[in-house]
Amino acid sequence: MKQLDLIVRIGVSCAVVATSVISLGAFAQQEAPRASPIATVSAEVGGAQVSITYGRPFMKGRQVAGGLIPYDSVWRTGANEATTLKTDAMLMFGSLHVGAGEVTLWTQAAESGAWKLILNKETGQWGTAYNAENDLGRVEMTLEKLETPVEQFTIAIEPGTGNAGRIVMTWDTVKMIVPFSVM
């Protein structure tokens, strides 16, 4: 009887240790909060569902235009994974047709001259893995200077009248506007 009692106690102890190890492993695998949280914005524009998923970096006292958003090179339009626009209808950005589905958004800032939004057909990549061969095209953005700085990068989709809408991105004292229409 004493032997059976000892075997049961050892078995229970092993089960407790195994459960603790598994719990610690699961705890260790949990992701730490991201420095740039992920957000998704959505809107119905002209009967179409349009959404954008992106990382929201903070300014944290750093220079944005010409710094975090470098001049004359391509920026991921956010943080972390590439920023993704998803739509269930064809959109027009200027004269650029963008079919239903997903595309990634990139930004090309300029110290002087127009800033451009780049629409790219490659999706699922990390935000620094830009491949120009997959560009659908580039459209000019309208820039406005903000009086009050915006600490955290923000994207909004603003429905207009009829089939019109616009993507509005703000960060620091820069407001970037890209109009589009639903086809």
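Modeller: A residue is called buried when its relative accessible area is under 20%, exposed when over 50%, and partly exposed in between, using a 1.4 Å probe and protein chains only. By that rule, 39% of the 183 residues of the protein are buried. This is a predicted model, in which local features need pLDDT of at least 70 and side-chain atom pairs count only at pLDDT 80 or more, while totals for chains, interfaces and linings use all residues. Residues are numbered from 1 along each chain as its sequence is written, and side-chain values use heavy atoms, with hydrogens and water left out.

Read from the N terminus, their order is α-β-β-β-β-β-β-β-β-β-β. Among contacts (heavy atoms within 4.5 Å) between residues at least 6 apart in sequence, 52% join residues at least 24 apart.

On a 1 Å grid over the protein atoms alone, a pocket is an open set of points with protein on both sides within 12 Å along at least five of seven lines, and its lining residues have an atom within 4 Å of a point. Here the lining consists of Ser 36, Pro 57, Arg 62, Leu 68, Trp 75, Arg 76, Gly 78, Ala 79 and Trp 171. Sorted by class, five of these residues are nonpolar, two polar and two charged, where Ala, Val, Leu, Ile, Met, Phe, Trp, Tyr, Cys and Pro count as nonpolar, Asp, Glu, Lys and Arg as charged, and the others, Gly among them, as polar.

Let us follow one lining residue further. Trp 75 belongs to strand 3, and with a relative accessible area of 7% Trp 75 is buried. Beyond its neighbours within four places in sequence, Trp 75 is in contact with Leu 68, Ile 69, Pro 70, Trp 106, Thr 107, Phe 153 and Trp 171; of these partners, Leu 68 and Trp 171 also line the pocket. The C-alpha atoms of Trp 75 and Thr 128 are 7.9 Å from each other, although 53 residues separate the two along the chain.

The side chains of Glu 81 and Arg 34 form a salt bridge at 2.9 Å, N to O (a side-chain nitrogen of Lys or Arg within 4 Å of a carboxyl oxygen of Asp or Glu). Because Glu 81 lies in the loop between strand 3 (74–75) and strand 4 (83–87), and Arg 34 in the loop between helix 1 (2–29) and strand 1 (38–45), this pair ties together parts that are 47 residues apart in sequence. Glu 81, at 30% relative accessibility, is partly exposed, and so is Arg 34, at 34%. The model has four salt bridges in total.

For contrast, consider Asp 172 in strand 10 (residues 164–182), which is buried yet has no salt bridge, its nearest side chain of opposite charge being Lys 145, 7.1 Å away. Leaving aside neighbours within four places in sequence, Asp 172 is in contact with Met 59, Val 64, Leu 146, Thr 148, Pro 149 and Val 150.

Key
Helix = DSSP H or I, 4+ residues; strand = E, 2+ residues; numbered from the N terminus. Lys, Arg positive; Asp, Glu negative; His and termini not counted. 1 Å grid on protein atoms, 1.4 Å probe; cavity = no way out; pocket = protein on both sides within 12 Å on 5 of 7 lines; lining within 4 Å.
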